[in-house]
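Visitor: I'd like a close look at one part of this model, please: the pockets. Could you take me through them slowly?

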Amino acid sequence: MNFSDKAKVFGFTQAVNYLEKNPETNIPKLAALVDNFLPKEEFAEQRKAVMSAIEKKR
């Protein structure tokens, strides 16, 4: 496994651990981070649906 693959696995593992600590608080934070990280046109409709579901849950 090269460095890039290890970094991806580490990042994913950290995100899952972060979500498991306090899902109700951390899911919206992680979704916002993804929104800031990805270009606006990437998965726009899917991200909009996820954010809408998160907001309804609050």
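Guide: Let's start with the naming: helices (H or I, at least four residues) and strands (E, at least two) are DSSP runs, numbered from the N terminus. This is a predicted model, where local features need pLDDT of at least 70 and side-chain atom pairs count only at pLDDT 80 or more, while totals for chains, interfaces and linings use all residues. Residues are numbered from 1 along each chain as its sequence is written, and side-chain values use heavy atoms, with hydrogens and water left out.

The protein chain has three helices and zero strands, so its radius of gyration (taken over C-alpha atoms) is worth a look. That radius is 13 Å, well over the 10 Å that the globule rule (2.2 Å times the number of residues to the power 0.38) gives for 58 residues, so the chain is more spread out than a compact globule.

Now for the pockets. On a 1 Å grid over the protein atoms alone, a pocket is an open set of points where a 1.4 Å probe fits, with protein on both sides within 12 Å along at least five of seven lines; lining residues have an atom within 4 Å of a point. Grid points are joined across faces, edges and corners, and a volume is the space filled by probe spheres set on the points.

The largest pocket holds about 260 Å³ of space. Around it you'll find Gly 11, Phe 12, Ala 15, Leu 19, Leu 30, Leu 33, Val 34, Phe 37 and Leu 38. Two elements give two or more residues to this lining: helix H1 (3-21) and helix H2 (23-37). Sort the lining by class (Ala, Val, Leu, Ile, Met, Phe, Trp, Tyr, Cys and Pro are nonpolar; Asp, Glu, Lys and Arg charged; the others, Gly among them, polar), and you get eight nonpolar, one polar and no charged residues.

The second largest pocket has a volume of about 160 Å³. Pro 23, Glu 24, Ile 27, Pro 28, Ala 53, Ile 54, Lys 57 and Arg 58 line it. H2 turns up again here, and both H2 and helix H3 (44-57) supply at least two residues each. H2 gives the most, with four residues. This lining has five nonpolar, no polar and three charged residues.

One last stop on the way from H2 to H3: Phe 43 sits in the loop between them. Its phi is near 55 degrees, a positive value in a residue other than glycine.
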